Every structure is written in structure tokens, then in C-alpha cells.
Amino acid sequence: MSVATSRHTAATVTPRRKRRPVLPYWLLIPAIAILIVGTGYPTAWQLFNSFREYGLAQQFGKPAPWVWFDNYKELLGDSQFWAVVLRSLVFCGVTAAVTLIIGLGIALLMAAVGRTVRIILQISMLLAWAMPVVASMTVWTWLFDRRRGVINYVLDMIPGVDMYRFNWLAEPLTFFFVASVIVTWMSVPFVAFSLYAGLTQVPEEVLEATDLDGASRTQRLRLVILPIIRPVMSIVLLLQIIWDLRVFTQITILQDAGSSATEFDLLGTYIYKLGTGSQHFGTAAAASVIVLIITLIVSGGYVWRIMKEDSK
Amino acid sequence: MNRRRGRRIGLSILGVVLALIWVFPVYWMINSSFLSNRTLQRFTPTWLPFGGSMRNFKAVLADGSFFNALGMSIAVAAVTVVFAVLFAFLAAIAISRFRFRGRASFVLAVLLIQMLPAEALFIAQYKMIASVNLLNTVIGISIIYVAAVVPFTVWMLRGFVAGVPAELEEAAMVDGLSRSRAFFKITFPLLMPGLVASSIYAFLQAWNEFTVALVLLTKDESQTLPLWLRGFIQASATRETDWGQVMAASTLVAVPVIIFFMFVQGRISSGLVSGAVKG
């Protein structure tokens, strides 16, 4: 059918696309169908069941009664859930900020050094970036290993520092420090490459002009370079925040190596345990909806920026 | 002038130090994978893999579970790549070659869905796949993967399709080719690099994915490589970890990914930052 209509346009030659085409809708069907099945339906299920009691008994066929906001009330009245939310937000904020600062520093460095050093830096960043998450996690648990990890060995060499057999994963604070170091290591390459690409857009003449005007290095950075790369920076920061909210893999594997007590949980692992561990699907669905809302608030900014670009 | 040179040398040294820090974990994985457990047990680290052997790799491969997981990963990745790229390709043509009612909503939906975290959906996805008896199957997990990969793939391909001027096709149509023939003769070959790049992207996503796999693939025999690799760390809770073998296993999983990644890195980052290469 679509072929017939296209023959017709071919015959008239001049593309008169104003005539309300049917073809694009046909082309969109497969993508829309899979999105409805893979993400649309689960999202709707999630919303629906966050208002019902859905626990172990329902697993075995008992009907799930509507409880409206009870699941949400239960969660929001639970200090443990709040602790997890707060921990996730702090973890995300700190990690994203540190990542952006280090990434910016490395991008500026790439622009400042000679070609050889820049290529060395870029290859190293690419290798780190390419590592599959799970493989990175196994390596980092090995590096932070209590007894024979290189990190304890090297830190112990520093005079006056006693890190002999220090167990990083035993306390929440050091546990999340390790998690943050690993996530930062994984994310800095993307930030550095994107910002470096932004920096190369800064016209050479502008920089020369500021040099002639006798601007200091910090002035040049603050008043000329940063404003030019600000759009890229804000998009990169937004993406980083979104990604640092979803660190399920990293936390799960660190918990495998350390402890899976609840004070080591972030939102992802918390929901996972709620759902698959204790079968509280209703509460887990409510917690998921809360995560969804947090993500949508954060990503709203990103999507809005990109849509503005698209309509240009 | 001298001060300037000193500064430059200082920055170069800093650059090399940072490069070493970032590459060190990758190096350490490969280095440890060649060393015997006895060597790794020593208090002082062995910095270079001299006197190493392939024994760890042999030990890892001798256990059939690697090939089992490899088979599963290849199957899941292949299904994901084929369907995700096909569906995304059709959608990309629609949004970059036509103006139609609903186009903006579709683009908006694609962008929003791309942002949804697996953590917020996996409970529902688990229930859905379980209800149609597709847990632990290639089809079950591929449905979720294709849906997860399609949005960014549409976004990436959109830039490529827009990069091929429609006038080329129209010129061919003037020369008497039908629209579909003009498309396959002229535009399609020019889109090849885009299709390759997005295939690699989809492949990497499916190959590395952990969260959904953990939820949907509950049986040992249906594990993909990331789950299989995690098994080593999990086992370390109950028995002494053979780090040499864990690192050999990690190296086996990581090397193909690193090679493929080098091809698409530029596309992925520009796609994320600027809404894909604009034509």
C-alpha cells in the first residue's frame, strides 16, 4: 500500500509532502510497539500496582486490593527509606560534582599540553571508558582488597599512615567513598571528551585577543572559556546526575564483596531487595514511582534543552 | 619565556600522571590475569607480568560455564542488535524525512524514555516477563533490551539520515527510479556507517547490561557474561578468591568490548551532548 502511494509521488516528481503522508506512521509502528511493550506497559503496571497491596499472598493468586496511597504512606513514614533517598541524592550530587570538576580539569589540560601528551591522555581515558561495568567492578574490588590490594599497599607506604589490612567496605562512609571513586573513574572520560570537544570550538582569535588585553589565566578561564562551554557543561552535568542516580550494578557488586546490610543501600538496591527479596511488590512499585519522579524532574531540563536544539 | 616552558613541562607531567592513574585499573586487570595465585598472594605486588602464564585463562575456559554464558550473551546481543537497529532505522527515516502530526511528541517520548532508569522499571519488567513465562529466555530479555536501546539508536540514526540530502533521492527519481528503489540504491549505501555505528552501540549495551539481566535471568544456565563474572565476586564471600582467575575472566569479557568501543566512542558522545550529529 505504501509502495503504491510512493509510486504516485514519483510520477508527479515534485515532492508535495504537504498532502499528509501515511508512510511515516507505518515506519514508526515497530518502534512504538516495542517501546509500549518494553517500557510503556511496565511503567503503567508500576503506577497501577503502587496503589494496590501486592505481596506474597498475591503471588499465590489472592486478589490484590486497592489501598490507594497506603504504600506511599508506608514508605514515606519509614525513616529507613528516607535514609536511602537522602544517601542516594548526596551520593549522586557529590559524585556528579566531583566528576564534572575533574573532567573539566582534564579537558583544560588536554587543550593546554602538546600533542603527544594529549594523545597519551586520550588513549588512557578511552580505555577506562570502554571497560564493561562489571569488569571494572571486579578490578576495583581487587584494587581495594583488604589484604593484598594495591591501594592499601601503596597508602601504607606513606610514612605515618597505617592502612595495613584496612577494610574499606566495612563502614558505610568508606564503602560509599570507594563507590564514588569508582563511579568517578568510570564517568570522567565522557565528561573530559565532551568538554574538550567544546573547548576546541573556542576560536583561537578570541583567546589571542584576551592575551593581548592582558587578561590573567584565571580571568580568561572564568570570563571567556567557561561561558562559551557552559551549554555543553550543563548537559553533561545533567546526564551525570541522571546516571549517578542509577548505580545499581556498582553497589550490588560492592555489596557482594562487602556487606549487603541496608545501611549500604542506595535506591536501586533498596527497591531490588524490596521486590525480589521480600516480595513486597506494591511497596517496591511505589518506591520505583518515586525514583521515576526524581529522574523525570532532573531529566526534564536535559530533554527541554535537546528539544530546543531539535526544533531549530 | 622560561617560566612559560616550566609551566608547560609541569602540565605535561601532570597529564602523564593522570593518564597513568586512569589506565592503571585496566593494566592491573591484564597484569594480574597472567600471574599465578601464589604470586598474587605475596604482600608486595608484582608490577609486571614477568614469569606469568596463560594458566588462569585455561582454568577459566576449562569450566564450561564461560562458553555457556558467552553463547547466551551472543544470542541476546544479536537479537537486540538486529531488531533495535531495524526498528530504529525505520523510525529515524520517519522523523528526519517527514514532517507529520505527532512528530514532536514522538521525539519527546523517545528522549524521555531514554532517561528512564532500569532501577525504576525492573520490578514491573520482571512481573511482566514472568507472567508470559519468558524468564531465563533470550526472547524475554531481548524484548526489554530492544526497548531500552531503540530510543538512543533512533536519535543516533536520525542524524545520519538527515545527513544524506533528500535531493539525491529526488534526482534519482527524476531519472526514473521508483522511490523505494531510489532509497535503496542511493541513500541506503550512504547510511551504512550510521548503521554500523548504531549496531555497535546496541551490541555494547546488550553485552554489558547487568541490572535487567540479574532480574530476568535467574537460573545459572541462562546467565549472560556480566552475571557470570559477578559470580566470581559473589563466591569470594564464602571462599578465598583466586584473583588471577577473576582477572582472567574479566579480561576475556572486556577485551572485545574495548575493541568495539573504539569505533563508536565519538558518535556516542556527540549524540548524547548535541542530540546526534546534525546534517
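This is a predicted model: local features need pLDDT of at least 70, side-chain atom pairs count only at pLDDT 80 or more; totals for chains, interfaces and linings use all residues.
Read from the N terminus on, the elements simply go α-α-α-α-α-α-α-α-α-α-α-α-α-α. The radius of gyration of chain A comes out at 26 Å, well over the 20 Å that the globule rule gives for 312 residues, so chain A is more spread out than a compact globule. Along the principal axes, the C-alpha trace of chain A spans about 65 × 65 × 30 Å. Of the 312 residues in chain A, 43% are buried. As for how the sequence folds back on itself, take the contacts in chain A between residues at least 6 apart in sequence: 68% of them join residues at least 24 apart.

Chain B is built from helices too, with twelve of them and zero strands. Its elements, again from the N terminus on, run α-α-α-α-α-α-α-α-α-α-α-α. For chain B the radius of gyration is 24 Å, whereas a compact globule of 279 residues would come in near 19 Å. Taken along the principal axes, a box of roughly 75 × 70 × 35 Å is filled by the C-alpha atoms of chain B. Buried residues account for 48% of the 279 residues in chain B. Among contacts in chain B with a separation of 6 or more, 78% come from residues 24 or more positions apart.

One is helix 13 of chain A, residues 267–277, which is mostly covered, with eight of its eleven residues buried. The buried residues of this helix are A:Leu267, A:Gly268, A:Thr269, A:Tyr270, A:Ile271, A:Tyr272, A:Leu274 and A:Gly275. After helix 13 of chain A comes A:Gln279, with a positive phi near 60°.

The other spot is a helix pair. Helix 9 (residues 172–199) and helix 12 (residues 248–257) of chain A have axes that come within 11 Å and cross at roughly 135°. Helix 9 and helix 12 of chain A are therefore oblique to each other, and their crossing is right-handed. On the helix 9 side of chain A, the contact is made by A:Phe175, A:Val178, A:Ala179, A:Ile182 and A:Val183, while helix 12 of chain A brings A:Gln250, A:Ile251 and A:Leu254. Sorted by class, this contact of helix 9 with helix 12 of chain A has seven nonpolar residues, one polar and no charged.

Now for the place where the chains meet. Here 84 residues of chain B are in contact with 89 residues of chain A. On the side of chain B that touches chain A, helix 12 of chain B (residues 243–274) gives the most, with 15 residues. That side of chain B has 63 nonpolar, 16 polar and five charged residues.

From helix 5 of chain A, the residues A:Ile106, A:Leu109 and A:Ala112 meet B:Leu11, B:Leu14, B:Gly15 and B:Leu18 in helix 1 of chain B. The residues of this contact divide into six nonpolar, one polar and no charged.

Conventions. Residues are numbered from 1 along each chain as its sequence is written. Chains are lettered from A and ligands numbered from 1 in the order in which they are written. Two residues are in contact if their C-beta atoms, placed from the backbone, lie within 7 Å. Helices (H or I, at least four residues) and strands (E, at least two) are DSSP runs, numbered from the N terminus. Ala, Val, Leu, Ile, Met, Phe, Trp, Tyr, Cys and Pro count as nonpolar, Asp, Glu, Lys and Arg as charged, and the others, Gly among them, as polar. The radius of gyration is taken over C-alpha atoms; the globule rule is 2.2 Å times the number of residues to the power 0.38. A residue is buried if 20 or more other C-beta atoms lie within 10 Å of its own, exposed if 12 or fewer, and partly exposed in between; C-beta atoms are placed from the backbone. Axes are lines fitted to C-alpha atoms, for helices over the stretch in contact, and angles run from 0 to 180 degrees between N-to-C directions. Angles under 35 degrees count as roughly parallel, over 145 as roughly antiparallel, 65 to 115 as roughly perpendicular and the rest as oblique. A crossing is left-handed if the near helix is turned anticlockwise from the far one by less than a right angle, and right-handed if clockwise.
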